Amino acid sequence: MSAPAQDRSTASTFAKGMAILAAFDGSRPSLTLADLARATGQDRATARRGALTLMQLGYLCQDGRDFRLTPKVLMLAGGFLQANRFGRDVQPVLNHYAAELGHEITLATRDEHQVLLLAQSAVQNGPVSFGFTLGSRLPLLHTGLGRMLLACEADAGPLVQAAPLPQHTAESLQYRAAILAAVATIRDQGFAATDGEFEPGIVGYALPVSRPGAAPVVVGASRPRDAATDHGRDDMLRCLRLCAADLRQSGALDSISAA
């Protein structure tokens with residue numbers, strides 16, 4: 001993560017502190033001062049001041065050389081979720097259609113060059129999930145959610161060119177032109193499907209929830225490849241379409257899409 005650009009209308013010190021928080025991306029439970037400086041592009045002295053300030057505010061704690069997030073960071077997400085009625089209007093819809101489908105359903109948007117998970121259903125006796133939760137970030141280029149988000153953009157080219165292009169599996173597309181072509185196909189057919197490009201043997205599907213021209217929000221689900229028959233695909237897409245329609249009708253995502 002590069003250091004925040006200077007702008008007279010913003011507070012650079014605050015931006016640097018937020019960069020410290022963002023450095024905790026879920027890949028590791030703790031980070032050293034050197035890790036924080038490297039992730040944020042800040043010098044060690046600046047990163048140390050930011051970390052100590054966040055400790056004083058209760059958002060970080062320290063164990064020897066390691067810094068960790070505290071549960072207080074959930075207050076930041078909690079305000080967003082409550083204000084947008086996720087518990088009342090979004091979560092029940094996801095849970096209803098996930099129970100019908102027998103697979104978890106995920107709601108997501110884009111955060112720069114990553115997919116940001118906004119909500120996920122809870123399914124009793126469903127297949128084992130991959131451990132992704134609210135706030136998790138996924139690759140933009142190799143997931144069904146990411147490809148659908150790209151297809152919602154008027155011009156996905158700059159995003160495809162700038163996003164990281166790791167090879168998660170042997171099936172991960174490694175040519176940006178091929179990914180752009182796949183995005184164009186998704187835009188035409190109205191849904192995304194990726195086969196084993198992020199998780200081996202897993203097929204992911206996604207559909208748009210946001211209206212054309214709004215900030216993209218999508219809904220998706222995945223299943224093992226051996227269960228992804230044409231009939232199974234049609235059932236999953238039908239369920240996701242109904243879920244997306246109910247979410248739009250609830251109006252709970254209007255403020256997110258308008259962002």
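Strand 7 and strand 8 form a hairpin with six residues between them, and Gly 196 in the turn has a positive phi of about 70°. Helices (H or I, at least four residues) and strands (E, at least two) are DSSP runs, numbered from the N terminus. The model is a predicted one, in which local features need pLDDT of at least 70 and side-chain atom pairs count only at pLDDT 80 or more, while totals for chains, interfaces and linings use all residues. Residues are numbered from 1 along each chain as its sequence is written, and side-chain values use heavy atoms, with hydrogens and water left out.

Six of the seven residues of strand 8 are buried, which leaves the strand mostly covered. Here buried denotes under 20% relative accessible area, exposed over 50%, and partly exposed the range in between (1.4 Å probe, protein chains only).

Six strands form an open sheet in the order 6-5-4-9-8-7, with antiparallel pairing. Its edge strands are strand 6 (137-139) and strand 7 (192-195), each of which pairs on one side only. From one strand to the next, the twist averages 35°. Strand 8 (residues 202-208) also pairs with strand 9 (residues 217-224), in the antiparallel sense and over seven bridges. Pro 208 has Val 218 in strand 9 as its bridge partner. Helix 5 (residues 86-101) packs on the sheet and touches strand 4 (106-111), strand 5 (114-120) and strand 9, where contact requires heavy atoms within 4.5 Å. The direction of helix 5 makes about 90° with that of strand 5; axes are lines fitted to C-alpha atoms, for helices over the stretch in contact, and angles run from 0 to 180 degrees between N-to-C directions.

Two loops contain non-glycine residues with positive phi. Glu 112, in the loop between strand 4 and strand 5, has a phi near 55° and is exposed at 60% relative accessibility. Arg 85 lies in the loop between helix 4 (74-83) and helix 5; its phi is about 55°, and it is partly exposed at 29%.

The structure holds one aromatic pair. The ring centres of Phe 80 and Phe 86 are 5.6 Å apart and the planes stand at 50°, so the pair is tilted. Rings of Phe, Tyr and Trp (its six-membered ring) pair if their centres lie within 6.5 Å; planes under 30 degrees apart count as stacked, over 60 as edge-to-face and the rest as tilted. Phe 80 is partly exposed at 33%, whereas Phe 86 is buried at 4%.

Angles under 35 degrees count as roughly parallel, over 145 as roughly antiparallel, 65 to 115 as roughly perpendicular and the rest as oblique. Helix 2 (residues 33-40) and helix 3 (residues 44-57) pack at about 110°, with axes 9 Å apart, and are therefore also roughly perpendicular to each other. In this contact, Leu 33, Ala 34, Leu 36 and Ala 37 of helix 2 meet Arg 44, Ala 47, Arg 48 and Ala 51 of helix 3.

Note on methods. Two strands pair if DSSP finds at least two bridges between them.
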